[in-house]
Amino acid sequence: MDFSSFLTSLGTSCVIFVILMLIFAWLSKKPGNAVVYYPNRILKGLDPWDGGSRTRNPFAWIHEAISASEQDVISMCGLDTAVYFVFMGTVLGILVLSSIVLLPVLLPVAATDDSVKSTSATTSKGTFSDFDELSMGNIKEKSPRFWAFLIAVYWVSFITYYLLWKAYTHVSGLRANALMSPEVKPEQFAILVRDIPPVLQGQTRKEHVDSYFETIYPETFYKSMVVTDNKEVNKIWKELEGYKKKLAHAEAIYGQSKTTRKPEGARPTNRTGFLGLFGEKVDSLEYYRGKIHELIPKLESEQKITLREKQQDAALVFFTNRVTAASAAQCLHAQMVDKWTVTDAPEPHQLIWTNLKIKFFQRQLRQHVVYFVVALAILFYMIPIGFISAFTTLDNLKKLLPFIKPIVNVKALKTVLEAFLPQLALIIFLALLPKFLLLLSKAEGIPSVSHAVRAASGKYFYFTVLNVFIGVTVGGTLFTTFKTIEDDPNSIVTVLANGLPGNATFFLTYVALKFFIGYGLELSRIVPLIIYHLKRKYLCKTEAELKAAWFPGDLRYGTRVPGDMLIVTIVLCYSVIAPLILPFGVAYFGLGWLILRNQALKVYVPSYESYGRMWPHMHKRILASLMLYQVTMFGYFEAKKFVCAPLLIPLPILSLIFGYVCSQKFYRSFRDTALEVACHVLQKSPNMDQVFRSFIPPSLRSEKNDGDLFEDALSEQVSRV
């Protein structure tokens, strides 16, 4: 990529971002679009434009986002979102403080040397001389100028340690404050019990669980809810809910037809076969009502059978105060670790019911199998990503596909393709991963959605770093790299270090594309807006359908956090080699902090609350990126034959010590709830029946009191025994 291609990429991205921001300023003022740009405020019963969002100033949202306090973010979008902004602010602080020192010191040191023409380790494979003069590649081997770069590595490392420590302390305080809330939260009065031993003769499983915990906690035990196999009842319930929605849709169509030409209206019809395209043609209203009346008694019957005959070796146990629940969740209840395994209960809607029955050793085995599958996936994904990097350069494409030469030789088209083609190919390729990794995480036997998202996020991070960062770094010289490593396996660090400078411009463009185009689309919400209006015009007939069309979902931490971590890794690893990447990193996290803060306050609706449990994982991955940076810098100094390169060896060791100290000091309070936090007085006494009923799955709820339904099923089971 030459200088004009880079400027074309940067300029085009900037122009697109400005256009998208102006589109947002224009469209967000229209009342018909309020549900797309302010759904969070609408769902909380607030005025969408309260605070000046509809004023003539198109940049009013910037002031609102900056002036909003951390408590405003927590009240609007939950603690997990506030913790995400602590992460964004921490990384932004690391990059800003790094830029303050590295840019004015390293750029003149590099620019005043003149050895770029004599070295092959340029920042752009020998073609991007304007950037080479401002990079570490411009310094000749064994030069004493490397002392400045070595000190810079230490500077970046120490400010990272300092800011990460401050952030961990701050997030720990936020979590404690959230858990001390005087509001009644059902999950704080329950524990999840798995690996229940076989039931004794003449005793039901519920009686078995009740007697066990009532013996240990005689004063605070309330009752238990045995987990059941809900596969069949869920199937019937989903079918029933589907017919209810179809009936409401048909009634809305029938009601609209009455207000047009015929006062009596036109009754809607449908076919009963595949996808409503085949089979007998019937009256929709009568057909759906008949199906509903047919399924209701079937559901009630299956509910009783499920509660009576499909109980499993897991249960939720409830206590009358949250101190006992917090204490029970972190205690060893049985002599054997594979009996009576107890953990804290997640929010009711977070439970992955199908995973609760999985036994202790099965969970251990599943975890190792999933890790093995992920390792294989990383290994085999590196091959196509390496080929994407190798073949999406125009020179390689012209060799592979000779017939495209006349097209790509057009100067304007060539410039655009060189600027965007490799980055777009990589972004599209990565979009296929998240659902696969989330599926693997759930297969481990993880009991809650938030835990599965954290596990998938970790896999995605290592996936992107090992495949995208390292894969692209060595991918440009894919075939010679394999030969080098085969001849000398110990040269892998040197190969990575030598590959970094040659891909600096690729990653500069990648980061610019991510923050200009990515955040521009995020702010403008063009795609959700188009989808909403199309659904509203052609598909939606009821209020429930309209709400489903505009409902925004959450911030999608499982993919957003690993994507941000990849940028952290890229910017850190290039911060000393090519310091010009630092302003791009600052722009990415600064713009992201601003735009996503606006989206958190007005758009996204949290789907769960884990009270900041994502933070220890964020902390570890920032440290992992820092260690990769330290190791590659050591390799690059070695490649440059700098005699004092061994002075960098203490840094990875120091990072490991720092991570260990943080884990020992802070992690336990994120894994378990501290009793001094749980003992704070509640605003009002908890309604334990309501707490109990909040955990009943939707498919097991009925018009009858849910607690009575459970008691009836228990009575029938006792009679049978």
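Colleague: Where is the place of Ile657?

Modeller: Ile657 sits in helix 27. Helices here are DSSP runs of H or I with at least four residues, strands are runs of E with at least two, and both are numbered from the N terminus. Keep in mind that this is a predicted model, where local features need pLDDT of at least 70, side-chain atom pairs count only at pLDDT 80 or more, and totals for chains, interfaces and linings use all residues. Residues are numbered from 1 along each chain as its sequence is written, and side-chain values use heavy atoms, with hydrogens and water left out.

Colleague: Why is Ile657 called partly exposed?

Modeller: Buried means under 20% relative accessible area, exposed means over 50%, and partly exposed is in between (1.4 Å probe, protein chains only). Ile657 comes out at 48%, so partly exposed it is.

Colleague: Which residues form the nonpolar patch on the surface?

Modeller: Phe158, Trp165, Ile649, Ile653, Leu654, Ile657, Tyr660 and Val661, with about 740 Å² of accessible area together. Two elements give two or more residues each: helix 8 (146-179) and helix 27 (650-671). Helix 27 gives the most, five residues. As for the rule, patch residues have over 30% relative accessible area and no salt bridge; nonpolar side chains (Val, Leu, Ile, Met, Phe, Trp, Tyr) are joined within 5 Å, like charges within 9 Å. A salt bridge is a side-chain nitrogen of Lys or Arg within 4 Å of a carboxyl oxygen of Asp or Glu. The areas are Shrake-Rupley values with a 1.4 Å probe, and for residues only the protein chains shown count as cover.

Colleague: What makes the pair of Phe146 and Phe642 tilted?

Modeller: Rings of Phe, Tyr and Trp (its six-membered ring) pair if their centres lie within 6.5 Å; planes under 30 degrees apart are stacked, over 60 edge-to-face, the rest tilted. That rule gives 37 aromatic pairs. For Phe146 and Phe642 the centres are 5.6 Å apart and the planes at 50 degrees, so this pair is tilted. The two are 496 residues apart, with Phe146 in helix 8 and Phe642 in the loop between helix 26 (615-639) and helix 27. Phe146 is buried at 0% relative accessibility, and Phe642 is buried at 5%.

Colleague: And why is the pair of Trp147 and Phe642 called edge-to-face?

Modeller: Their planes are at 85 degrees and their centres 5.7 Å apart, so edge-to-face is the label. Trp147 counts as partly exposed, at 37% relative accessibility.

Colleague: How do you know that the span of helix 11 agrees with its number of residues?

Modeller: The expected span is 1.5 Å times one less than the number of residues. Helix 11 (residues 284-309) has 26 residues, so it should span 38 Å; the end C-alpha atoms are 36 Å apart, which agrees. At its start, a side-chain oxygen of Asp283 comes within 3.0 Å of the backbone nitrogen of Leu285.

Colleague: What makes Arg525 buried?

Modeller: Its relative accessibility is 7%, so Arg525 counts as buried. Arg525 lies in the loop between helix 21 (504-524) and helix 22 (526-538), and has a positive phi of about 50 degrees although it is not a glycine.

Key
Polar contact = N/O pair within 3.5 Å; in protein donor to acceptor, adjacent residues only side chain to side chain.
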